[in-house]
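Subject: A structure for you to look through

Hello,

Here is the structure I promised to pass on to you. Please open it beside this email and follow along as you read.

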Amino acid sequence: PYPELDFDGAAGTLGGSDGCNRLRGRFSLEDGRLQAHTASTRMACLNDAAARTSAAIHTLLGQGAEVVEVTMGTGRGLLIRNGGAEIRLVPVGGQR
């Protein structure tokens with residue numbers, strides 16, 4: 001399973017998966033910083049790579065992350081990072 005996060009900007013909520021566990025919560029974006037408060041299931045990850053990705057997502061969401069880059073058009077994406085992790089989020093399939 002791959003990580004998948006769905007941000008609802010109008011409601012300020014997010015949901016999805018960190019690759020190991022389902023998560024839901026609220027987020028805010030202020031002064032170029034993404035901050036979230038989430039709750040998640042606590043299942044074991046399938047391997048070490050998935051566990052590292054899961055931990056990075058929780059670090060970024062929980063500790064807050066700087067929005068480093070927003071790419072629009074064909075290569076749409078969002079790059080977020082803090083001192084502990086960096087992740088590029090991209091749209092899935094034909095959504096949004």
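This is a predicted model: local features need pLDDT of at least 70, side-chain atom pairs count only at pLDDT 80 or more; totals for chains, interfaces and linings use all residues.

Let's begin with the strands. There are 7 of them, and they form an open sheet in the order β1-β2-β3-β4-β5-β6-β7, with antiparallel pairing. The edges are taken by β1 (4-8) and β7 (85-89); each has a single partner strand, so one side of each is left without a neighbour in the sheet. On average, neighbouring strands are turned by 30° against each other, ignoring direction.

In general, the strands of a sheet pair through backbone hydrogen bonds, in either a parallel or an antiparallel way. You can follow a few of the pairings here one by one:

- β2 (residues 13-17) and β3 (residues 22-30) run antiparallel and are joined by 5 bridges. In this pairing, Leu 14 stands opposite Gly 25 of β3.
- β3 and β4 are also antiparallel, with 8 bridges. Here Leu 29 faces Leu 34 in β4 as its opposite residue. The two strands form a hairpin with 2 residues between them, and Asp 31 in the turn has a positive phi of about 50°.
- β4 and β5 pair in the antiparallel sense over 2 bridges.

Now for the nonpolar residues. The largest nonpolar core has 13 residues, and Leu 14, Leu 60 and Leu 61 have the most contacts inside it. At least two residues of this core come from each of β3, β4, α1 and β7. The biggest share is from α1, which gives 4 residues.

Setting aside its neighbours within four places in sequence, Leu 61 is in contact with Leu 14, Leu 34, Gln 35, Ala 36 and Thr 38.

Leu 5 is in strand β1. Leu 5 and Gly 16 are 11 residues apart in sequence, while their C-alpha atoms are 4.5 Å apart in space. If you again leave out neighbours within four places in sequence, the contacts of Leu 5 are Gly 15, Ser 17, Leu 23, Ile 57 and Leu 89.

Is Asn 21 buried or exposed? Asn 21 has 7% relative accessibility, and the cut-off for buried is under 20%, so Asn 21 counts as buried. Asn 21 sits in the loop between β2 and β3. Its side chain reaches the backbone nitrogen of Arg 42 at 3.3 Å. Beyond four places in sequence, Asn 21 is in contact with Gly 16, Ser 40, Thr 41, Arg 42 and Met 43.

Asn 82 lies in strand β6. With a relative accessible area of 15%, Asn 82 is buried. The side chain of Asn 82 reaches the backbone oxygen of Thr 59 at 3.4 Å, and one of its polar atoms lies 2.9 Å from the backbone oxygen of Gly 64. Leaving aside neighbours within four places in sequence, the contacts of Asn 82 are Thr 59, Leu 60, Gln 63, Gly 64 and Ala 65.

**An aromatic pair**

How many aromatic pairs does a search of the whole structure find? The search finds 1. The ring centres of Phe 7 and Phe 27 are 5.1 Å apart and the ring planes are at 90°, so the pair is edge-to-face. The pair links distant parts of the chain, with Phe 7 in strand β1 and Phe 27 in strand β3, 20 residues apart. At 24% relative accessibility, Phe 7 counts as partly exposed, whereas Phe 27 is buried, with a relative accessible area of 18%.

Enjoy exploring, and write back with any questions.

Best wishes

Terms used:
Residues are numbered from 1 along each chain as its sequence is written. Side-chain values use heavy atoms; hydrogens and water are left out. Two strands pair if DSSP finds at least two bridges between them. Axes are lines fitted to C-alpha atoms, for helices over the stretch in contact, and angles run from 0 to 180 degrees between N-to-C directions. Contact means heavy atoms within 4.5 Å. A nonpolar core is a set of buried Ala, Val, Leu, Ile, Met, Phe, Trp, Tyr and Cys residues joined through side-chain atoms within 4.5 Å. Buried means under 20% relative accessible area, exposed over 50%, partly exposed in between (1.4 Å probe, protein chains only). A polar contact is a pair of N or O atoms within 3.5 Å; within protein, one must be able to donate a hydrogen and the other to accept it, and residues adjacent in sequence count only if both atoms are side-chain atoms. Rings of Phe, Tyr and Trp (its six-membered ring) pair if their centres lie within 6.5 Å; planes under 30 degrees apart count as stacked, over 60 as edge-to-face and the rest as tilted.
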